[in-house]
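Hi,

Here is the model I said I would pass on. Have a look, and my notes follow below.

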Amino acid sequence: MKKLSDVSLETADLETLSVMRYKCCVYGNHTAVVEGHKGLKKFGDSEIQLRVGKGSVSVTGQVSLALLTDSSAVIKGHITGVRYDDF
Amino acid sequence: MISKIEITVDGLNLEDLLRALIKQKVTLYAVRRIDRFTAVITVAYSNRGKVLDLLREKCYNVHNIKFIGAAATAERLKRHIALFVVLVLLVPLLIASGTVCWRIEVRGADRQQVLDALYEYGVGIGRSLVSLSYDKLENYLTNAMNASFVTAVRKGSTLLIEVVERSEADEPIDLDSPADIVAQSDGVVSRIVLIQGTALVQKGDTVSKGQILIKGERIYNDGTVQPVRAVGQVFATVVCSQEIAFNGYLSKYVRTGESFAVTEVVIGSYDSHGEVPFETYETVSTSLTLYPFAVTLVHTVYYRTVLEVQKVSLSQCLDDLKRQALDGAVDKCTFAPYTVTYNVSDNKVTAVLTGEIEIGEVILR
């Protein structure tokens, strides 16, 4: 029996997670998890921006960093938007 | 829970600082921006050296360091090392003190006599109770005190000694020696138990002190009289009263609202009793004994009172007057009363206690 993640990957035409350069998961409007980032670009109480791939991902709202390591970040707070920018 | 430290840091380009930290493989927990130049970062306690060095190197100002989890406890211990050492030494000391006799309570006999006997046996204040055989001690004290029996119980560091004295046999009565039973006080005879002799009074008679109640003689049918020892009991109803005058004013101590609370530490027989700042006061006390330690905490609240004279009607202060009259009567009373009655008039309240006593006393002729 296939797991839900496998079904999702198939539907999205992604064979494995390794094809992804980074992953951004948003849980409700309170938590965002960014894996595979390449550094912190901007850090404020209304926006946190992380470098990913050749662009960046911005999480906006009343947010703060719950965890930050060299490759992953957990952002918590009241998230009002997630924006992707390509360089 | 992982030990962490929370650092409030101040400086320019905080993003650069965070990038530098994660580049050094430092995991950041809960990063909060306070304002443009200030942020609060939380890092693992194990990384504190690396982080603080970096902050110093990059010339950031560190305003506050807060320890979280086990690190906080360790840091407090470091700061209050003297207190920690005292605690570490004090606990075994207190436990050891619980095995030592710090107080001796004596019931049922002269305290000094018991203490002397205990001292001879090798028990006293400050001596160990660990190897003490209570059975042997009880036997020793029973013999030394010539008592019926003695109980010795250890409660914490207090030794409780209870002596039950030997009951002496009554003196043998010579029933051949003539004697009368005479009233030893005034009263109204309530009942008579006559075993031998001739009763000269009966129930309801008023008798006065010194009056013969049962005469020590046996009268035979032919009129001859044989002197005997009067045997029996004569009981009389007795009263005791106390009058409290009422003049329209009532004096009583009332609380002013000022209070003073103190917790006294009683260690063994040492009591850290302090001065009470009030001249007249009422107290409410609670105590807690920390077994097995020889420490008792006594919390006492002293309520300041002042004597107030109030103009009152008789009905308003009747209960107080009755209580005062009863207290006075009980203080004077030499018997066990079985009824209390109050006589209330316009200017006084009288409490009357009624009881029964044996008034007969054997007087040899």
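How many residues does the contact take from chain B and from chain A? It takes 14 from chain B and 14 from chain A, where two residues are in contact if their C-beta atoms, placed from the backbone, lie within 7 Å. On the chain B side, helix H1 (14-23) and strand E2 (28-33) are the elements that give two or more residues; helices (H or I, at least four residues) and strands (E, at least two) are DSSP runs, numbered from the N terminus.

Before going on, some housekeeping: this is a predicted model, so local features need pLDDT of at least 70 and side-chain atom pairs count only at pLDDT 80 or more, while totals for chains, interfaces and linings use all residues. Residues are numbered from 1 along each chain as its sequence is written, and chains are lettered from A and ligands numbered from 1 in the order in which they are written.

Back to E2(B): strand E5 (residues 55-68) of chain A pairs with it in the antiparallel sense over 3 bridges (pairing needs at least two DSSP bridges). Tyr29(B) is the bridge partner of Leu67(A) there.

Leu28(B), setting aside neighbours within four places in sequence, contacts residues of both chains, including Leu65(A), Leu67(A), Leu18(B) and Ile41(B).

As for chain B overall, I get 7 helices and 22 strands. Among its contacts between residues at least 6 apart in sequence, 67% join residues at least 24 apart.

Cheers
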